[in-house]
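Hi everyone, thanks for coming. Let me put the structure up on the screen, and then we'll walk through a few spots together.

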Amino acid sequence: MAYVIGASCVDIMDRSCMEECPVDCIYEGERKLYINPVECIDCGACEIACPEQAITVDRKADPEHRADNRRFFEEALPGRDAPLGTPGGAGAVGPLGVDTALVAGR
């Protein structure tokens, strides 16, 4: 995983990072954005664009949020039968309207 979006994105979701991402790997939950670890190309455009400084390289990210970001894609989200996985771009999926248990519980 190249980049992780942390707690300072919860309930803010500026979305500047989504506009800058050249591979469309930033997905929208209900209260937070998530970076697909397989689709991310480690370019850093999202980190620079984020006015909340919520995005950081994975090795420096809070371990709780690093794991939570992976769960968004690897585990079935509330109301879904299967994990999101790697759909090939957030634009085709659109806003998902759900978050992981960590974010939903805050």
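So, to start: in which loop does Asp 24 lie? Asp 24 is in the loop between α1 (16–20) and β2 (26–28). Those names come from DSSP runs, numbered from the N terminus: helices are H or I with at least four residues, strands are E with at least two.

Quick word on the source. This is a predicted model, where local features need pLDDT of at least 70 and side-chain atom pairs count only at pLDDT 80 or more, while totals for chains, interfaces and linings use all residues. Residues are numbered from 1 along each chain as its sequence is written, and side-chain values use heavy atoms, with hydrogens and water left out.

Back to Asp 24. Its phi is positive, about 60°, although Asp 24 is not a glycine. With a relative accessible area of 30%, Asp 24 is partly exposed. For that scale, buried is under 20% relative accessible area, exposed is over 50%, and partly exposed is in between, using a 1.4 Å probe and protein chains only.

Gln 53 also has a positive phi, near 50°, and isn't a glycine. You'll find Gln 53 in the loop between α2 (45–49) and β4 (55–57). Is Gln 53 buried or exposed? Exposed, at 71% relative accessible area.

Now Arg 31, in the loop between β2 and β3 (33–35). Arg 31 counts as buried, because its relative accessibility is 17%. What does Arg 31 touch? Leaving out residues up to four places away in sequence, the list includes Cys 9, Asp 11, Asp 99 and Arg 106; contact here means heavy atoms within 4.5 Å. Val 103 is on that list too, and its backbone oxygen lies 2.7 Å from a polar atom of the Arg 31 side chain.

Last stop, the holes. How many cavities of 30 Å³ or more does a search of the whole structure find? Two. A cavity is a set of points, on a 1 Å grid over the protein atoms alone, where a 1.4 Å probe fits but cannot get out, and lining residues have an atom within 4 Å of a point.

Of its 13 lining residues, Cys 21, Cys 25, Cys 40, Cys 43 and Cys 46 lie nearest its centre.

Technical notes:
A polar contact is a pair of N or O atoms within 3.5 Å; within protein, one must be able to donate a hydrogen and the other to accept it, and residues adjacent in sequence count only if both atoms are side-chain atoms. On a 1 Å grid over the protein atoms alone, a cavity is a set of points where a 1.4 Å probe fits but cannot get out, and a pocket is an open set with protein on both sides within 12 Å along at least five of seven lines; lining residues have an atom within 4 Å of a point. Grid points are joined across faces, edges and corners, and a volume is the space filled by probe spheres set on the points.
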